[in-house]
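Please work through the following exercises with the sequence and the model at hand. Each task is followed by a solution in steps.

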Amino acid sequence: MFTRFKPLAKLGRARAKVIASGGLPKKFIGLLEATLPSESSNIKDLEFLAFDLETTGLHPENDHILSIGYTVMKNLSIDLNSASHCYINSGNKVKAETAVINQIVPEMLAQGISLDQAMDQLFEAMQGRVLLVHGCCVEQQFIDYYLKQRYQLNTLPLVWVDTLSLEKSLIANANHQKTGDFRLSAIRQRYGLPEYHGHNALMDAVATGELFLAQTKRIFAKSPQVIGSLIKK
Amino acid sequence: MPQTLLPNIIEFLSQIYPFNLLPPALQRQIGESVTISYLARGEQIRFGSDKSECFLYIIRTGVMEQRKPDGVLRSKLGEEDLFGFTFLEPLKDALDGYSATAIENTLLYMVPHTELTQLLEQHPEYADSFASKARVRLQSALNVVWSDNEKGLFFKKVSEVASGTVAVVTADMSIQAVANEMRVQCRSSTAVIKKDGVICGLISDRDMTKRVIAEGYDITRPISDVMTSPAVTTKPNDLILTAASLMMEHNIRSLPVVENNQVLGLLTTSHLVQKHRVQAIFLIEKIKYTETVEGLAKLTSERQAIFEALVEGKVRVEVIGRVMAMIMDAYNRRLIQMAEAKLGDPPCAYTWVVAGSHARNEVHMLSDQDSAIILPENVSKSDRMYFTHLAMYVCNAMDTCGYPLCTGKFMAATPKWCQPINVWTEYYRKWVSNPEYSMLLNATVFMEVRSIYGDASLSEQLQQHLYALLNNNKTFLNSLVTDSVSVQPPLGIFNNLVLEKGGEHSEMLDIKKYALLLIVDLGRIYGLAVNSDDTGTEQRFTSAAKKKILSEDALKDVLGAYRFITQLRFRHQLKALKQGSAPDNYIAPKSFGNFEREHLKDAFRIINNLQDAAKLRFSEK
C-alpha cells in the first residue's frame with residue numbers, strides 16, 4: 001500500500017527523472033533503464049555485483065583509485081568466472097603508506113589502464129545488478145566524485161547493499177549495541193569464514209560476497225529472502 | 001587476468017590432492033572457474049538426475065554429511081574434503097539419489113564438472129589421480145571417518161573452548177554469599193576462591209550439595225571451610241587434551257582457566273561433550289580402569305586408530321608426539337600400579353623416569369621403551385631386589401602392550417639402570433668428564449629424562465646435577481657435536497647416493513638415522529647449552545633461540561625441517577599400518593613426489609648448515 005515510499009520505488013522515480021532531464025551520456029542510459037527489482041524480488045533471482053575499490057585514502061578530492069575488483073553473484077553463488085580486476089594508471093600517485101596496506105607498487109599501476117577505461121568497465125558490469133560492497137561510503141564517494149568531475153553528473157540512483165550496515169543492524173537487533181569491530185576480516189572471522197591473507201580489490205570483493213551469503217542465511221532464517229529488507233530505508 | 005588475483009583461493013586449492021599435482025597454470029585455471037556457495041546448517045544438496053550443472057565440491061570451512069538414499073550415513077566431510085566425483089566415467093550414476101547436508105555452516109568452492117572433464121581430456125595424465133581420490137572417498141563409505149573438525153580438538157587450546165564466565169570470590173565470604181554469586185551473578189557452576197589475591201581453592205555446585213546441604217553445614221560460615229584446596233586449574237594455552245585428562249585424574253567436572261593468578265574462564269565437561277569427541281581421553285581413561293595386562297594389550301588397536309586419525313588429520317607433529325606420549329605414560333603408570341599391587345607396597349621412595357623419545361614427548365607407533373629407576377641414596381640390597389622385580393614386570397608388560405623392549409637395554413629392568421641417586425650422579429659425572437665414544441650412547445639416551453611416577457624430586461635433583469656438570473665442562477657438548485655430525489644428511493640422495501646398500505632395506509633411505517636423529521641430536525645440544533628444562537626437540541630449539549644462540553631464521557628453518565621430516569615418517573608409518581604391515585623407518589626415494597623431494601632436499605640442507613654452525617659454536621677454543 002505504501003510502496004510509493006519504499007526506497008526502491010523512490011529509486012525508480014529518481015531514475016526516470018534523470019533520464020527525462022536529458023543530457024545523460026549514452027553509456028549511463030542502459031544502467032538506469034535496467035529493470036529495478038521490486039521490494040518483494042527474491043534475492044535468489046537477482047544478480048549482484050560485489051566490488052571493491054582500493055584507494056590512496058578516504059578523500060576523493062585528494063586521493064585516487066588504485067585498483068578495482070569485482071565479481072558477479074547470481075543464484076546466491078559467487079561466480080569467479082566473472083571476476084575481474086584492474087589497476088589504474090594515473091601517474092605516480094602511490095603514497096608509501098597506502099602501498100604498504102594495499103601491497104600495490106608503482107610498477108603494478110604502470111601496467112594498468114586509464115581511470116576512464118576502468119570506470120567504463122565497472123559501469124558496464126553494474127548494469128542490471130544490485131551493487132554489493134562492504135562499507136559503501138568510500139566506494140560511493142569516489143564514484144560520485146568521478147561522475148561529477150568527468151560528466152558533471154550528480155549521484156546515480158543505483159541499488160546498493162552494504163554488508164557493513166547489514167552487520168550493524170543484525171548486531172543491533174541481537175544485542176542492542178552498535179559498537180564493535182566491523183572490519184571485513186573481523187566480521188568474517190565471527191562468521192567462521194576463512195581468513196584471506198592477501199589483500200587486493202578482487203579478493204576483497206569475493207570476501208564481501210561470501211560474507212553477504214553468510215549474512216543472508218542469518219537474516220532470512222525462516223522468512224522469504226526478499227531484497228526489500230536489505231536496502232536502507 | 002594478470003598474476004593471480006585470487007591468491008587465497010588458488011593457494012587453498014593448490015594444497016589439496018589431487019589439485020596439488022597440477023602445474024600452477026592449471027591450478028589457476030581451475031581456481032578461476034570456481035563458484036562459491038554457502039550453506040547454513042541443515043541445508044542440503046541433492047545429487048541425481050537433475051540436469052542442471054554438476055560440480056565437484058570442496059569444503060572450504062564447515063562440516064557436511066553425505067547420506068545414501070535410505071538415509072544411511074555414507075561419509076562425514078570436513079575442511080579440505082571433496083565430494084561429487086560423478087564426472088568420472090565409472091562413477092557416472094554413483095551418486096544418484098545421494099544427498100549431502102551441512103551439519104555446520106559451510107562455505108563451498110565448487111568446480112564445474114565441465115571444467116574438470118575438459119582438463120582431463122587435455123591432460124589425461126592426471127585422470128588416475130582424480131580417480132584414486134574418488135576411490136578413497138568411496139572406500140570411506142565403509143567406515144565413516146572422523147571429520148577434521150572433530151580431530152581438531154586434540155590441538156585446540158583451552159582458551160578456544162572454555163567459556164568466559166566464572167565466579168571469583170574471596171575466602172572470607174560466607175557460603176551463602178558465594179552460592180548467590182555463583183547462582184545469581186555469574187551463572188557459573190564453579191567459583192574460584194582467592195585469598196589476598198592468590199587463588200587458594202575452588203567450590204563447585206556439586207561440592208555445595210555434598211558438603212553443605214547434605215551435611216547441614218552452617219551457611220553463614222566462610223567458604224574456606226568447605227572449599228577444595230589446593231585448586232586444580234588449567235592455563236589458556238594448554239591443550240584441551242591436557243586439561244581433560246586433568247579433569248579425569250581428579251574426577252572434577254570443571255576447571256578454571258588461570259594465568260598469573262587471573263581467572264580467565266571455565267572449562268567444563270559439557271564443553272567437551274557438546275563440542276567434541278575426545279578419543280584419546282577415553283582411551284587414557286580406559287587404561288586407568290583396566291585391571292589386567294591382557295586387557296591393556298587389547299587397547300593397542302585403539303591407540304593405533306588415534307595415531308592414524310592424528311596423522312590423517314594433519315595435526316601438528318609436536319601434538320601427535322605429545323598425545324601419543326600421554327597415552328604411553330598412562331600405560332606405563334597403570335602397569336607400575338599393577339606391579340605394586342602384585343609385589344606389595346614399595347619399601348622406599350623411588351621414581352620411575354622415562355628417557356629418549358618418550359621423555360621428549362615424541363612418541364609414535366614405533367617407539368620402544370627407554371626407562372630407568374632412581375632410588376634414594378642408602379637403599380638396602382633387598383629393597384633393590386624389589387625394584388628389579390617391579391621393573392621386569394613393567395617392562396615385559398609394556399612389551400606385551402606393543403611398546404617393544406629397548407634393543408640397547410636402556411630399561412629399568414636392567415640392573416645398571418635401576419640405581420640409587422648417588423650412583424646416577426656418578427654416572428653423569430663420568431659421562432660428562434670423560435666423553436669417550438663408548439660412553440656417549442649411554443649419555444645421549446639419559447640426557448633427557450622425565451619422571452612419570454613416584455617421587456619426582458629424585459629426578460629433579462639429578463637434572464640439576466647434570467646442568468652443574470655441563471656448565472663446568474664445555475668439552476662435553478663438543479663431543480656430542482663431533483659424534484652427531486659424524487653422520488650427515490644424504491644431500492645427494494636423489495642421485496642415488498647414501499642409501500642403505502644390501503640387505504633387507506637395500507636402496508632405501510633410513511629417515512630416522514639420516515635425518516630425524518640428526519635434528520634431535522642438535523636439539524639436545526642446543527637445549528643443554530642453554531640449560532633448558534624442556535626435553536622436547538621443538539622446545540629445546542626455541543629455548544636456544546630465546547637465549548640468542550640460535551637465530552630466529554635458523555629456528556624457523558630447523559623447526560620446519562623437523563616437522564616436515566617427522567610428518568613424512570608418520571605418514572610412512574601410517575601407510576604401513578593401513579596395509580597391515582609392520583611400520584619401519586625405511587622409505588624408497590622413488591616413492592617421494594616432487595613436492596616431498598624438493599622439501600626433503602631443503603630439509604637436508606638445513607640440517608647440514610646447522611651441523612656446521614654447531615661445529616663452529618661448540619668447538620673447543
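**Exercise 1.** State in which loop of chain B E80(B) lies, and determine whether E80(B) is buried, exposed or partly exposed.

*Solution.* Step 1: E80(B) belongs to the loop that runs between β5 (73-77) and β6 (82-83) of chain B; strands are DSSP runs of E with at least two residues, helices are runs of H or I with at least four, and both are numbered from the N terminus. Step 2: although E80(B) is not a glycine, its phi is positive, about 75°. Step 3: the relative accessible area of E80(B) is 23%, so it is partly exposed; buried means under 20%, exposed over 50%, and partly exposed in between, with a 1.4 Å probe and protein chains only.

The structure is a predicted model, in which local features need pLDDT of at least 70, side-chain atom pairs count only at pLDDT 80 or more, and totals for chains, interfaces and linings use all residues. Residues are numbered from 1 along each chain as its sequence is written, chains are lettered from A and ligands numbered from 1 in the order in which they are written, and side-chain values use heavy atoms, leaving out hydrogens and water.

**Exercise 2.** Locate D196(B) and describe its phi.

*Solution.* Step 1: the loop between β10 (190-195) and β11 (198-204) of chain B holds D196(B). Step 2: D196(B), a residue other than glycine, has a positive phi near 50°. Step 3: D196(B) is exposed, at a relative accessible area of 76%.

**Exercise 3.** Identify the residues joined by a cis peptide bond with omega of about -5°.

*Solution.* Step 1: the bond links S229(B) and P230(B). Step 2: P230(B) sits in the loop between α8 (205-213) and α9 (240-250) of chain B.
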